[in-house]
Amino acid sequence: MDAAGMQPRRPAGLGVLALLCSSLLLNALFLAHHFVLSPPRLLGRDDGSSSGLSWSLQAAREAEAVAAVDCSGHGQAFLDGVAGEDGRPACECNACFTGPDCSLRAPNCIANASSGNPLFLEPYWRRHAAAGAVVISGWHRMSYTTTDGVYQSVELEDHIRRLHSAVGNAVVDDKHLVFGAGSTQLINALVHALSPDANAASPAARVVATVPYYTPYRTQTAMFDGREYRWDGTTAARGANSSDGFIEFVASPNNPDTLLQKPVLRGSAAIVDRAYYWPHFTHIPAPADEDVMLFTMSKPSGHAGSRLGWALIRDEKVAKRAYEYVQSSIMGASRDTQLRMLGIVKVILANLHGKEDIFAFGHNVMGTRWRRLSAIVSRSQRISVQKMAPEYCTYFQAGQRAIARSIEITELETLFFGGQLTHG
């Protein structure tokens with residue numbers, strides 16, 4: 001071929017370069033479609049895929065593996081539990097049970113009537129394993145503060161208010177809400193908030209309670225005894241009109257007799273402990289509306305180990321002093337705890353008055369246990385059971401017996417507890 005008919009040759013690497021660019025473009029389009037345009041698929045889809053989960057997948061597998069450990073219904077294995085011989089978390093047995101799988105009953109086991117754990121609600125949360133689960137990232141709430149620079153979850157506060165309104169056990173609209181590490185911390189926070197300022201000329205407030213009372217009323221006050229307040233014993237030693245300078249703890253319902261009590265000393269500053277004022281423990285005749293009320297998450301949901309309590313306080317100055325007490329001592333309740341309890345409260349709210357109502361579940365379990373215990377105690381001539389008529393409950397809209405009624409053990413009560421019992 002002559003020179004006029006020859007075509008110019010392309011560089012040898014140009015075709016390879018074009019092919020490489022096309023390949024990179026196609027891969028970029030594929031990745032964009034897969035990760036950006038396509039909706040993520042969640043763990044547990046019908047097709048068995050686990051796409052859409054990355055860092056949480058391993059944590060979910062570990063949690064489910066531990067939850068599947070068989071402890072014979074008398075214990076649990078936990079992610080943070082002591083490892084067994086195989087290196088995996090071993091069963092931790094409930095009281096009176098032992099063995100690798102908690103299947104053996106411990107010999108000569110004595111029931112401890114002075115305290116206990118709210119494990120009667122554990123089966124409920126196993127039934128609601130998916131709804132009650134919370135995945136916490138490694139970077140969740142690393143700051144000291146939360147939304148708007150405060151130490152309390154705004155969402156959790158809102159849901160707790162909704163829970164009280166839905167159950168009808170407390171008036172919340174005109175109250176400030178303060179979180180603490182369980183009700184135990186708030187006991188002293190509220191005594192501090194109601195006491196005169198340390199620099200004031202007023203004498204120290206005198207803290208009292210009516211027997212039988214929750215022991216930490218005394219121990220917490222005595223432990224932090226200072227210029228602002230001091231433990232001053234029981235209301236029985238005071239006249240009904242001796243109210244000046246007193247702070248009175250009032251448990252309503254009381255433990256162990258579940259009576260809905262009122263302050264004994266007229267005009268005293270009262271801290272009304274409403275821990276058990278939930279429909280699976282007692283009847284709810286009307287929403288509680290005292291100036292200072294104390295609640296704890298261990299009673300409505302059973303999560304005693306999460307250590308979350310709250311106070312409903314009418315007066316803004318008292319609420320501010322209680323909040324500052326918690327802020328100064330622990331910088332607010334654990335953020336991880338607040339996140340977990342937000343999920344728990346959401347589950348409770350979603351099931352109120354339905355087939356999976358936690359209060360109906362708890363009431364049935366407690367009622368069954370009470371009937372069994374009453375049958376056993378009725379054989380004794382030294383121990384008697386309270387005889388109390390059912391009361392109308394606005395939540396169940398029916399007559400209801402308060403389940404936590406006490407067993408009156410007059411001789412043993414004085415001998416072992418000195419007339420002072422615990423919340424349990």
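## Disulfides

A disulfide is taken here as a pair of cysteine sulfur atoms within 2.5 Å, and in this predicted model Cys71 is joined to Cys91 by such a link, with an S to S distance of 2.1 Å. The torsion about the S-S bond is -90°, and the link of Cys71 and Cys91 is left-handed. Cys71 lies in the loop between α2 and β1 (75-76), while Cys91 lies in the loop between β1 and β2 (92-93), so the pair ties together parts that are 20 residues apart in sequence. Cys71 is buried at a relative accessible area of 3%, and Cys91 also counts as buried, at 16%.

The structure holds three disulfides. Another of them joins Cys93 to Cys102, S to S 2.2 Å, and is left-handed because its torsion about the S-S bond is about -90°; Cys93 counts as partly exposed at 30% relative accessibility, whereas Cys102 is buried at 0%. Cys96 and Cys109 form a disulfide with their sulfur atoms 1.8 Å apart, and a torsion of about -65° makes this link left-handed. Cys96 is in the loop between β2 and β3 (97-98) and Cys109 in the loop between β4 (104-105) and α3 (122-127), so parts 13 residues apart in sequence are tied together. With the bonded cysteines of the chain numbered in sequence order, the pairing reads 1-2, 3-5, 4-6.

Phe359 is buried, with a relative accessible area of 0%, and Tyr395 is buried at 4%, whereas Phe396 counts as partly exposed at 28%. These three residues belong to one aromatic cluster that also includes Trp278, Phe295 and Trp310.

## Charges over rings

The charged end of Arg274 sits over the ring of Tyr277, 4.5 Å from its centre, and Lys299 lies over the face of Tyr276, at 5.2 Å from the ring centre.

## A nonpolar surface patch

Trp55, Val135, Trp139 and Met142 make a nonpolar surface patch of about 540 Å². Trp55 is found in helix α2 (residues 55-67), and at 47% relative accessibility Trp55 counts as partly exposed.

Notes
Residues numbered from 1 in each chain as written. Predicted model: local features only at pLDDT ≥ 70, side-chain atom pairs only at ≥ 80, totals over all residues. Heavy atoms only, no water. Patch = residues over 30% accessible without salt bridge, like charges linked within 9 Å, V, L, I, M, F, W, Y side chains within 5 Å. Areas by Shrake-Rupley, 256 points an atom, 1.4 Å probe, with all protein chains shown as cover. Salt bridge = Lys/Arg side-chain N within 4 Å of Asp/Glu carboxyl O. Helix = DSSP H or I, 4+ residues; strand = E, 2+ residues; numbered from the N terminus. Buried < 20%, exposed > 50% of the residue type's maximum accessible area, 1.4 Å probe, protein only. Phe/Tyr/Trp six-rings, centres within 6.5 Å; stacked < 30°, edge-to-face > 60°. Lys NZ or Arg CZ within 6 Å of the ring centre and 35° of its normal.
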